[in-house]
Amino acid sequence: GDFVPAAPSILRRSRARRGGKRVRFAQVTVYYFARRQGFTCVPSAGGSSLGMAPRHHRARRYSLSQFAHLRQVSHRQHLRQHLRREKLRARRRELTQNGTVPSAEAAGLTLADVSDDDLDVGQVEVGDYFYLQPLPTKRRRALLRASGVRRIDAEERQELRALRLSREQCGCLCRLTCEPRTCACSQAGIQCQ
């Protein structure tokens, strides 16, 4: 019989097609929003939530290298602030014998009392530090005040507390078999959890 050459592989054809067209980004646009009280998320630590204004007030364009440098500087600043707060807590614990003895000196310490020399920034890899850590209630309130929020809606705090409680009581009390007359899931019109 006649020799029939094998058809070219589909994989090779698709690779060849993909090779010529690649998406490349030249710049990054960063939009800046004013901070507002949230009303959109449920913080685990309680208190009010953080949010942002509906429209941005500024936009900046960066090259990829500029943006990478900006992020690195920003991450280092966040890390430095985090280490400063940790060092302040440790000093206060030392001065109060692990929080058991009141100390006027400990109460008077502020972040300004912790110098850069006291921080072990070199010991922590900036990339290993998680930047979106939950903020305590006091810090969130302070951020809102610093951003010009005059009145923090206290009603949101109660609503968030109710949401957190309702999330803890998820599902029903059925064991092994579902009892539709007493099953909260069945009564709500959803499958028994």
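The following exercises, each with a worked solution, concern a predicted model of a protein chain.

**Exercise 1. Overall architecture**

Determine how many helices and strands the protein chain has, and in which pattern they follow one another.

Solution. 
1. The secondary structure of the protein chain consists of six helices and four strands.
2. Along the sequence, these elements give the pattern α-β-β-β-β-α-α-α-α-α.
3. Of the contacts in the protein chain with a separation of 6 or more, 62% are accounted for by residues 24 or more positions apart.
4. The accessible surface of the protein chain is about 15,700 Å², and carbon and sulfur atoms hold 52% of that surface.
5. Among the 193 residues of the protein chain, 20% are buried.

**Exercise 2. Two loop residues**

Classify valine 23 and serine 48 as buried or exposed, and state where each lies.

Solution. 
1. Valine 23 is located in the loop that runs between helix H1 (10-20) and strand S1 (27-32).
2. Its relative accessible area is 68%; the cut-off for exposed is over 50%, so valine 23 is exposed.
3. Val23 also contributes, with Phe25 and Leu64, to a nonpolar surface patch of about 350 Å².
4. Serine 48 is found in the loop between strand S2 (35-37) and strand S3 (50-52).
5. Its relative accessibility is 3%, and buried means under 20%, so serine 48 counts as buried.
6. Leaving aside residues up to four places away in sequence, serine 48 touches Gln37, Pro43, Arg140, Arg141, Leu144, Ile152, Glu156 and Leu160.

**Exercise 3. A contact across the sequence**

Solution. 
1. Proline 136 counts as partly exposed, because its relative accessibility is 41%.

**Exercise 4. Helix H5**

Compare the reach of helix H5 with its expected span, and identify which side chain reaches a backbone nitrogen at its start.

Solution. 
1. Helix H5 covers residues 154-168, which is 15 residues.
2. The expected span is 21 Å, at 1.5 Å a residue.
3. From the first C-alpha to the last, helix H5 reaches 22 Å, which is close to that expectation.
4. At the start of H5, the side chain in question is that of aspartate 153: one of its oxygens comes to within 2.9 Å of the backbone nitrogen of glutamate 155.

**Exercise 5. Salt bridges**

Find how many salt bridges the model contains, and describe the residues that form them.

Solution. 
1. With a cut-off of 4 Å between a side-chain nitrogen of Lys or Arg and a carboxyl oxygen of Asp or Glu, the count is two salt bridges.
2. One of them joins the side chains of arginine 89 and glutamate 86, at 2.5 Å from N to O.
3. Both of these residues lie in helix H2 (residues 64-95), three residues apart, or about one turn of the helix.
4. Arginine 89 has a relative accessible area of 37% and is therefore partly exposed; glutamate 86, at 36%, is partly exposed.
5. In the other, arginine 181 pairs with glutamate 179, and the closest N and O atoms are 3.9 Å apart.
6. Arginine 181 is exposed, with a relative accessible area of 71%, whereas glutamate 179 is partly exposed at 39%.

Notes: Residues numbered from 1 in each chain as written. Predicted model: local features only at pLDDT ≥ 70, side-chain atom pairs only at ≥ 80, totals over all residues. Heavy atoms only, no water. Patch = residues over 30% accessible without salt bridge, like charges linked within 9 Å, V, L, I, M, F, W, Y side chains within 5 Å. Areas by Shrake-Rupley, 256 points an atom, 1.4 Å probe, with all protein chains shown as cover. Buried < 20%, exposed > 50% of the residue type's maximum accessible area, 1.4 Å probe, protein only. Contact = heavy atoms within 4.5 Å. Expected span 1.5 Å × (residues − 1). Polar contact = N/O pair within 3.5 Å; in protein donor to acceptor, adjacent residues only side chain to side chain.
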